Amino acid sequence: MTAQHLQSTVTLNNGISMPWFGLGVFKVEEGAELIEAVKQAIAHGYRSIDTAAIYGNESGVGQAIAEALKENNLKREDLFITSKVWNADLGYEETLAAYETTLSKLGLEYLDLYLIHWPKAGKYKGAWKAMEQLYKAGRIKAIGVSNFQIHHLEDLMQDAELKPAINQVEYHPRLTQVRLKAFCEKNGIQLEAWSPLMQGQLLDNPVLTEIATAKGKSVAQVILRWDLQNGVITIPKSTKEKRIVENSSIFDFELSNDEMERISTLNEDVRVGPDPDNFDF
């Protein structure tokens with residue numbers, strides 16, 4: 001079912017509820033702009049914030065969360081906070097230690113979702129065992145992966161006690177990930193989109209512009225709505241209050257089946273980020 005409002009949630013495969021829509025903070029440096037962006041998002045109704053150890057901004061995100069909870073009279077459990085373990089910290093002991101560092105920087109007692117950031121060969125299974133341990137100990141509400149292809153998921157699940165709840169991948173109209181999405185759906189793994197706006201490269205696309213004009217919406221709003229109607233969680237990044245509000249104003253219109261199809265046929269299997277099968281970091 002498509003999300004009805006900004007705080008609508010999807011139930012993950014372990015019964016935990018996660019908002020369909022959130023704020024991503026990739027490449028946002030520590031400082032006042034980051035803190036203000038997270039606080040503005042929460043004040044305007046966002047309840048999901050996505051960060052990662054490698055972003056180097058967990059401390060600022062944590063400060064913003066603490067201030068926003070107080071200023072908006074919210075409780076910790078009202079928010080859904082995600083972070084990710086970086087490649088250098090993959091491995092059983094390394095991941096356990098990395099999790100404590102992340103919690104310390106964020107100033108939190110638990111994460112709602114912890115992800116393996118990239119499928120580094122030979123390293124992610126040890127990290128997954130650590131995350132399963134943390135999950136079973138009640139230290140994390142849900143665990144998942146990011147940038148995993150089908151063969152990575154199959155390999156991980158061969159030895160795993162728990163299936164990933166989430167696979168967060170590059171996903172936008174130029175990269176619709178049809179086979180991966182079908183595999184995840186078949187296995188109860190919720191797909192989540194990073195770089196849903198293709199880092200701005202789709203904003204002048206004629207098809208999207210035509211649909212946006214017809215709907216009285218921006219191209220970004222049309223793309224984000226397409227994500228949700230496709231059953232994909234989306235976490236667009238912005239640091240500007242106006243854009244943060246605009247991105248989330250997508251619950252008052254609907255794309256027709258024809259419009260959904262026209263957008264999906266823009267797929268060219270083009271990435272703006274690294275290829276999960278060929279990365280060297």
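What covers the buried residues of α6? Let's get to that by way of α5.

First, the ground rules. This is a predicted model, with local features needing pLDDT of at least 70, side-chain atom pairs counting only at pLDDT 80 or more, and totals for chains, interfaces and linings using all residues. Residues are numbered from 1 along each chain as its sequence is written, and side-chain values use heavy atoms, with hydrogens and water left out. Helices (H or I, at least four residues) and strands (E, at least two) are DSSP runs, numbered from the N terminus.

Start with α5, residues 150-159. Ile-150, His-152, Leu-153, Leu-156 and Met-157 are buried there, meaning under 20% relative accessible area with a 1.4 Å probe, protein chains only. They sit on the same side of α5, because their arc around the axis is only 155 degrees; the arc is taken from the directions from the helix axis to the C-beta atoms. They pack against α4 (124-136), β7 (140-146), β8 (166-170) and α6 (178-186).

Now α6. Its buried residues are Leu-180, Lys-181, Phe-183 and Cys-184.

Look at Lys-181. This lysine is buried, at 15% relative accessible area. Leaving aside neighbours within four places in sequence, Lys-181 is in contact (heavy atoms within 4.5 Å) with Tyr-171, Leu-191, Asn-230 and Val-232.

Last stop: just after α6, Gly-188 takes a positive phi of about 70 degrees.

Note on methods:
Buried < 20%, exposed > 50% of the residue type's maximum accessible area, 1.4 Å probe, protein only.
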